[in-house]
Amino acid sequence: MKTLMIDGVKVRIQIWDTAGQERYQTITKQYYRRAQGIFLVYDITSERSFQHIMKWASDVDEYAPDTVQKILIGNKSDEEHKRQVATEQGTKLAKAYGMDFYETSAFTNHNIKESFTRLAELVLQANWKDLDVLRASVTDELNIAALEEEEGIGDGHGDSQKACWC
Ligand SMILES: Nc1nc2c(ncn2[C@@H]2O[C@H](COP(=O)(O)OP(=O)(O)OP(=O)(O)O)[C@@H](O)[C@H]2O)c(=O)[nH]1
């Protein structure tokens with residue numbers, strides 16, 4: 001669990017790191033169904049991991065909700081001397097998939113906060129309508145509580161059931 005502030009909204013993020021190995025694929029696919037945002041991660045020092053992105057992307061298309069937000073990540077940017085995948089290759093693939101793209105390093109923390117914040121932003125934007133409904137209902141609740149308090153019938157905590165006359 002991690003908490004981020006996005007546009008004044010406190011967002012709590014639950015992160016699942018799925019296994020990359022083929023033998024865990026059945027379990028991995030089950031995680032997709034409940035995901036709102038997904039990082040497709042390859043290793044810039046491994047051409048093979050880059051080639052695998054297409055397979056990950058097609059699994060995500062098949063098993064994740066249509067509204068899922070995706071970002072392409074080229075990790076291990078600290079290992080420049082071992083680089084096998086050029087930045088342009090990542091940029092090009094991300095563009096083809098219509099995704100944002102970051103090169104990151106879990107080792108130096110390069111672009112880690114930026115990419116998580118961006119994914120959270122995209123998820124928030126995609127769920128903005130739900131958030132508005134939630135905000136409206138909280139506002140309604142607060143208004144009712146204030147009204148009840150003014151009329152001396154509530155406990156000021158917005159629980160309209162407790163102010164029932166019946
Ligand atoms: N130099 C460097 N090493 C990294 C970075 N991120 C991960 N590693 C190393 O890469 C190795 C694999 O990392 P994991 O986090 O196990 O990779 P994974 O993709 O989750 O592996 P799976 O279990 O197959 O899913 C470990 O030795 C990590 O320490 C990075 O940004 N830079």
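Visitor: In the hairpin of strand 1 and strand 2, which residue takes a positive phi near 50 degrees?
Guide: Keep in mind that this is a predicted model. Strand 1 (residues 2-6) and strand 2 run antiparallel, joined by five bridges. The hairpin they form has two residues between the strands, and the one with a positive phi near 50 degrees is aspartate 7.

Visitor: How many of the five residues of strand 2 are buried?
Guide: To count as buried, a residue needs 20 or more other C-beta atoms within 10 Å of its own. Strand 2 lies largely in the open, because the number of its residues that are buried is zero.

Visitor: Now for the open sheet of three strands: which of them stand at the edges?
Guide: The order is 3-4-5, with parallel pairing. Each edge strand has a single partner strand, so one side of each is left without a neighbour in the sheet; these are strand 3 and strand 5 (100-103).

Visitor: And in strand 4, what is the bridge partner of glycine 37?
Guide: Strand 3 and strand 4 run parallel and are joined by seven bridges. Glycine 37 has its partner in strand 4, namely glutamine 69.

Visitor: Which strands does helix 3 lie across?
Guide: For orientation, helix 2 lies across strand 3 and strand 4, running at about 160 degrees to strand 3. Helix 3 runs at about 155 degrees to strand 5, and the strands it lies across are strand 4 and strand 5.

Visitor: Which element gives the largest share of the largest nonpolar core?
Guide: This core has 19 residues, and among those touching the most other members are Leu40, Tyr42 and Ile53. The elements giving two or more residues to the core include strand 3 (37-43), helix 2 (47-63) and strand 4 (69-75). The largest share is four residues, and it comes from strand 3.

Visitor: Finally, the ligand: how many charged residues does the shell around it have?
Guide: The residues surrounding the ligand include Asp17, Lys76, Asp78 and Glu79, along with Ala19, Gly20 and Phe107. By class, the shell has three nonpolar and four polar residues, and the number of charged ones is four.

Technical notes: Residues numbered from 1 in each chain as written. Predicted model: local features only at pLDDT ≥ 70, side-chain atom pairs only at ≥ 80, totals over all residues. Near = placed C-beta within 6 Å. Nonpolar A, V, L, I, M, F, W, Y, C, P; charged D, E, K, R; others polar. Core = buried A, V, L, I, M, F, W, Y, C linked by C-beta atoms within 7 Å. Buried ≥ 20, exposed ≤ 12 C-beta atoms within 10 Å, placed from the backbone. Pairing = 2+ DSSP bridges. Contact = placed C-beta atoms within 7 Å. Axes fitted to C-alpha atoms, helices over the stretch in contact; angles between N-to-C directions.
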